[in-house]
Amino acid sequence: MKAVIAEQYGGVEVLEIDDDLPLPRVGPNGVLVQVHAASVNPVDWKLRQGLLDAVMPVVFPVIWGRDLSGLVTEVGPSVTLFKPGDEVYGMKDGYVAKTYRGTYAEYVVVPEKSLAPKPKNLSYEEASAVPASGLTAWQAMVKQGKLKPGQRVLIHAGAGGVGVMAIQIAKAFGAYVAATASTRNQDFLRDLGADLAIDYTREKVHEIRPRFDLVLDGVGKSVWADSFGALKVGGRLVTLTAPIPNKSTGG
């Protein structure tokens, strides 16, 4: 089979096609998927550049990639949820014992629990863009942010991959949602369901009243001061931009 492999860390120039790799073997709980689409998330380029080497060192060569959508071609004997011919999407953790075998390949084996039926109204490309960003948004808003109906929520970078999902999740929970984006994406925020679209080039979130119960930061330190100013007493700030450990310093 073909796959996009890398022999070292670096930019996109380190990626190359190997067209003579064996098909991965299917274990008892595994599902062999013919990949129709795979997406690129921030974690993918951070892994590729070696920025996460302190916490996830790898042995080369590797196949990067986590998200996928495709067609089931074979299932393990213990698999009960899927059969050959099913359209699926999901996310594979390719990191095992310093090896990395991800989704930038014609075929991948994914644990049954890491897949779901592909929605009929989504293309393969659209479906492959959902898993990592959707799961990140859910964990940030619901698990860490303790999102509740009726709360006021501020989402930075609302037009980004996680922000797009976070807006819709918050609205589904019955929250009032404000979101930031550039001038050209204000209508996009409203189309996603944001109650208040904020142009971060012109407006200051800490001046908005009433203050917010929950703020989701997908930008970084540059918005932290304003974010704390936008929170009500007892509110939560959840950030997606924790510092990356430095292997040489241990910090």
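How many bridges pair strand β3 (residues 30–37) with strand β4 (residues 67–75), and in which sense? Six bridges, in the antiparallel sense. Two strands are paired here if DSSP finds at least two bridges between them. Helices (H or I, at least four residues) and strands (E, at least two) are DSSP runs, numbered from the N terminus.

This is a predicted model, in which local features need pLDDT of at least 70 and side-chain atom pairs count only at pLDDT 80 or more, while totals for chains, interfaces and linings use all residues. Residues are numbered from 1 along each chain as its sequence is written, and side-chain values use heavy atoms, with hydrogens and water left out.

**The antiparallel sheet**

β3 and β4 belong to an open sheet of five strands. Its order is β8-β3-β4-β5-β9, and the pairing is antiparallel. The edge strands, β8 (107–111) and β9 (115–117), each pair on one side only. From one strand to the next, the twist averages 45°. Angles run from 0 to 180 degrees between N-to-C directions; axes are lines fitted to C-alpha atoms, for helices over the stretch in contact. Helix α3 (residues 131–144) packs on this sheet. α3 touches β4 and β5 (87–91), and its direction makes about 55° with that of β5. Contact means heavy atoms within 4.5 Å.

Two packed helices are described by the angle between their axes and the distance between the axes. α3 packs against helix α4 (residues 161–172) at an angle of about 55°, with the axes 8 Å apart. α3 is therefore oblique to α4. Angles under 35 degrees count as roughly parallel, over 145 as roughly antiparallel, 65 to 115 as roughly perpendicular and the rest as oblique. The crossing of α3 past α4 is right-handed. That term applies if the near helix is turned clockwise from the far one by less than a right angle, and left-handed if anticlockwise.

On the α3 side, the contact residues include Trp-138, Met-141 and Val-142. Among those in α4 are Val-162, Met-165 and Ile-169. By class, the contact has nine nonpolar, four polar and no charged residues. Ala, Val, Leu, Ile, Met, Phe, Trp, Tyr, Cys and Pro count as nonpolar, Asp, Glu, Lys and Arg as charged, and the others, Gly among them, as polar.

**The parallel sheet**

Another open sheet of five strands has the order β12-β11-β10-β13-β14, with parallel pairing. Neighbouring strands are turned by 20° against each other on average, direction ignored. α4 packs on this sheet and touches β10, β11 (176–181) and β13. The direction of α4 makes about 165° with that of β11. β10 (residues 152–155) and β13 (residues 212–217) run parallel, joined by three bridges. Ile-155 has Leu-216 in β13 as its bridge partner.

**Backbone in the loops**

| Cis bond | Omega | Loop of the proline |
|---|---|---|
| Phe-60 to Pro-61 | about 5° | between α1 (42–49) and β4 |
| Arg-209 to Pro-210 | near -10° | between β12 and β13 |

Lys-146 is not a glycine, yet has a positive phi of about 55°. Lys-146 lies in the loop between α3 and β10. Its relative accessibility is 39%, so Lys-146 counts as partly exposed. Buried means under 20% relative accessible area, exposed over 50%, and partly exposed in between (1.4 Å probe, protein chains only). Ala-157, also not a glycine, has a positive phi of about 55°. Ala-157 sits in the loop between β10 and α4. At 27% relative accessibility, Ala-157 counts as partly exposed.
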